[in-house]
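Here are my notes for you on this one. Have a look at the model, then read through the points below.

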Amino acid sequence: MKNLKGGVAVVTGGASGLGRAIAEEAARRGMKLVIADVEAGAMEQAVADLRAGGAEAIGVLTDVTSAASVEALAVATEQHFGPANLLFNNAGVASGGPIWESTEKDWKWLFGVNVDGVANGVRSFTPRMLAAAAADPGYEGCIVNTASMAGLVTAPGMGIYSVSKHAVLALSECLYHDLDLVGPQVRAAVLCPFYVSTNISQCHRNRPADLVNDSGPTRSQLATQAISAKDLANGTLTPEEVAAITFKAIEEDRFYIYPSPEQLPIVRSRLDHLGNGTNPDIPYDDIPMFKARRDSLKAALAG
Ligand SMILES: NC(=O)c1ccc[n+]([C@@H]2O[C@H](COP(=O)([O-])OP(=O)(O)OC[C@H]3O[C@@H](n4cnc5c(N)ncnc54)[C@H](O)[C@@H]3O)[C@@H](O)[C@H]2O)c1
């Protein structure tokens with residue numbers, strides 16, 4: 001995509017972290033913004049800041065787990081600005097620990113936001129983008145789903161988050177193939193960041209009351225939370241850097257967006273095991289961050 005200026009970008013989870021940085025980067029490129037988030041106050045602040053910087057922006061309170069809410073977002077976008085050119089299915093939440101310790105409510109919450117949220121965005125926006133393409137040969141669109149490096153590799157304690165991000169990766173590849181059947185004007189991409197310092201370690205702030213667990217986290221879940229918070233704080237890229245890398249990839253029509261390509265050897269190692277039929281190795285003793293994660297979890301489980 002080359003002509004972003006004057007186009008429309010919709011960002012779910014646009015009130016915080018990566019989504020907010022993506023919205024700011026879109027504004028820098030002269031795009032109009034629709035910020036969609038479940039957290040009203042932060043969303044209004046993001047919209048006010050974008051407007052103060054000279055951007056045209058609206059906020060649409062959206063719960064991505066609800067198909068009706070995301071459909072209303074698509075309608076509001078078209079009514080206010082016309083068809084979206086960029087849709088960032090970015091809203092996401094995290095939860096970890098040994099996979100057998102995740103409760104039914106954990107699975108429902110995490111899959112509702114991370115997987116249903118992306119599916120809802122794809123279902124409501126893709127037909128509208130294809131209609132815009134049919135009506136205007138100059139129209140270009142791209143749907144960018146936020147997965148994670150956790151969608152490309154598995155590691156101890158990544159639990160249901162990693163499962164959900166593998167689903168986002170597969171969903172995005174399916175979307176890429178399917179869009180390829182109907183023409184070049186609407187494309188797909190998948191963003192796979194490594195650790196970035198955002199507000200995701202406080203993601204329980206937006207957890208619906210009916211999906212809150214009856215009892216508190218286990219010892220090993222607490223250990224996972226502590227180590228994840230440390231890894232996030234030590235992230236080497238800022239959200240703004242990830243956003244700039246993302247836009248460069250969109251402009252170059254790249255599907256896989258890897259802000260931290262130095263981590264790709266762990267993906268290749270995983271693919272070697274898959275291709276060779278050898279068992280997953282104990283991940284990744286030679287990488288201090290993963291070794292620390294495993295040691296801390298082992299200690300917590302040994303109790
Ligand atoms: N931070 C990282 O290290 C990292 C790494 C890889 C992938 N990611 C992914 O990046 C995306 C953005 O996360 P972030 O790190 O910026 O976290 P963040 O918590 O700073 O931002 C997430 C945003 O999503 C919103 N949100 C949560 N539930 C929602 C719902 N039901 N409907 C609408 N909005 C909702 C939150 O209110 C928040 O504004 C997520 O998909 C996350 O999984 C983050």
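1. A quick definition to begin: a crossing is left-handed if the near helix is turned anticlockwise from the far one by less than a right angle, and right-handed if clockwise. With that in hand, the crossing of H1 and H2 comes out right-handed.

2. Some housekeeping. This is a predicted model, where local features need pLDDT of at least 70, side-chain atom pairs count only at pLDDT 80 or more, and totals for chains, interfaces and linings use all residues. Residues are numbered from 1 along each chain as its sequence is written, and side-chain values use heavy atoms, with hydrogens and water left out.

3. Back to helix H1 (residues 17–28) and helix H2 (residues 40–52): their axes come within 11 Å and cross at roughly 20 degrees. H1 and H2 are therefore roughly parallel to each other (angles under 35 degrees count as that). Where they touch (heavy atoms within 4.5 Å), Arg20, Ala23, Glu24 and Ala27 of H1 meet Gln45, Ala46, Asp49 and Leu50 of H2.

4. Next pair: helix H3 (residues 67–81) packs against helix H4 (residues 104–135) at about 30 degrees, with the axes 8 Å apart. That makes H3 roughly parallel to H4. H3 passes H4 in a right-handed crossing too.

5. Now the ligand. Which of the 32 residues around it come nearest? They are Ser16, Asp37, Tyr161, Val196 and Thr198 (being around it takes a heavy atom within 4 Å).

6. Check the backbone as well. A backbone N or O atom of Val64 sits 3.0 Å from a ligand nitrogen, and a polar backbone atom of Asn90 is 2.8 Å from a ligand oxygen.

Key. Axes are lines fitted to C-alpha atoms, for helices over the stretch in contact, and angles run from 0 to 180 degrees between N-to-C directions. Helices (H or I, at least four residues) and strands (E, at least two) are DSSP runs, numbered from the N terminus. Angles under 35 degrees count as roughly parallel, over 145 as roughly antiparallel, 65 to 115 as roughly perpendicular and the rest as oblique. A polar contact is a pair of N or O atoms within 3.5 Å; within protein, one must be able to donate a hydrogen and the other to accept it, and residues adjacent in sequence count only if both atoms are side-chain atoms.
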